[in-house]
Amino acid sequence: QPMGSPLNPFAANRPIIIEVVDRDNKGVKIPGAVVRISGPNMVREVTTGPDGRAVLENCNAGNYEVVQVSAPKGYMANQKKITFHFSAIETVKYVRI
């Protein structure tokens, strides 16, 4: 990218939506699960809301890893790490654990 040219607006500041579901019944969303996401220059922990989703705003293109670190009562955390690439042409990324 030439010096002084504007940044690609599609390569930054986009959301990643993480959805945590029941291992045996993928239709059941799990609220209150804590997930850790690491990516370009960031590591964050977020908790899923009533809809079983957590939204991370302002994410940049790059490689990410997400893992569930804790689960609400009655569930066990799925500690399998999921890696994915958030490309510069995607406007949002959905990840299901």
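**View 1. Asn41, in the loop between strand 2 (34-39) and strand 3 (42-47).** Strands here are DSSP runs of E at least two residues long, numbered from the N terminus. This is a predicted model, where local features need pLDDT of at least 70, side-chain atom pairs count only at pLDDT 80 or more, and totals for chains, interfaces and linings use all residues. Residues are numbered from 1 along each chain as its sequence is written, and side-chain values use heavy atoms, with hydrogens and water left out. Asn41 has a phi near 60°, a positive value in a residue other than glycine. Most residues other than glycine have a negative phi. Is Asn41 buried or exposed? Asn41 is exposed, with a relative accessible area of 84% (exposed means over 50%, buried under 20%, partly exposed in between, using a 1.4 Å probe and protein chains only).

**View 2. Asn58, in strand 4 (residues 53-59).** Here too phi is positive in a residue other than glycine: Asn58 sits near 60°. Asn58 is partly exposed, at a relative accessible area of 49%.

**View 3. Strand 2 beside strand 3.** These two pair in the antiparallel sense over 6 bridges. Which residue in strand 3 is the bridge partner of Arg36? That partner is Glu45.

**View 4. The largest nonpolar core, with 18 residues.** Such a core is a set of buried Ala, Val, Leu, Ile, Met, Phe, Trp, Tyr and Cys residues joined through side-chain atoms within 4.5 Å. Ile16, Ile18, Ile37, Tyr64 and Val66 have the most contacts inside this core. At least two of its residues come from each of strand 1 (14-19), strand 2, strand 3, strand 4, strand 5 (62-70) and strand 6. Strand 4 supplies the largest share, 3 residues.

Technical notes
Helices (H or I, at least four residues) and strands (E, at least two) are DSSP runs, numbered from the N terminus. Two strands pair if DSSP finds at least two bridges between them.
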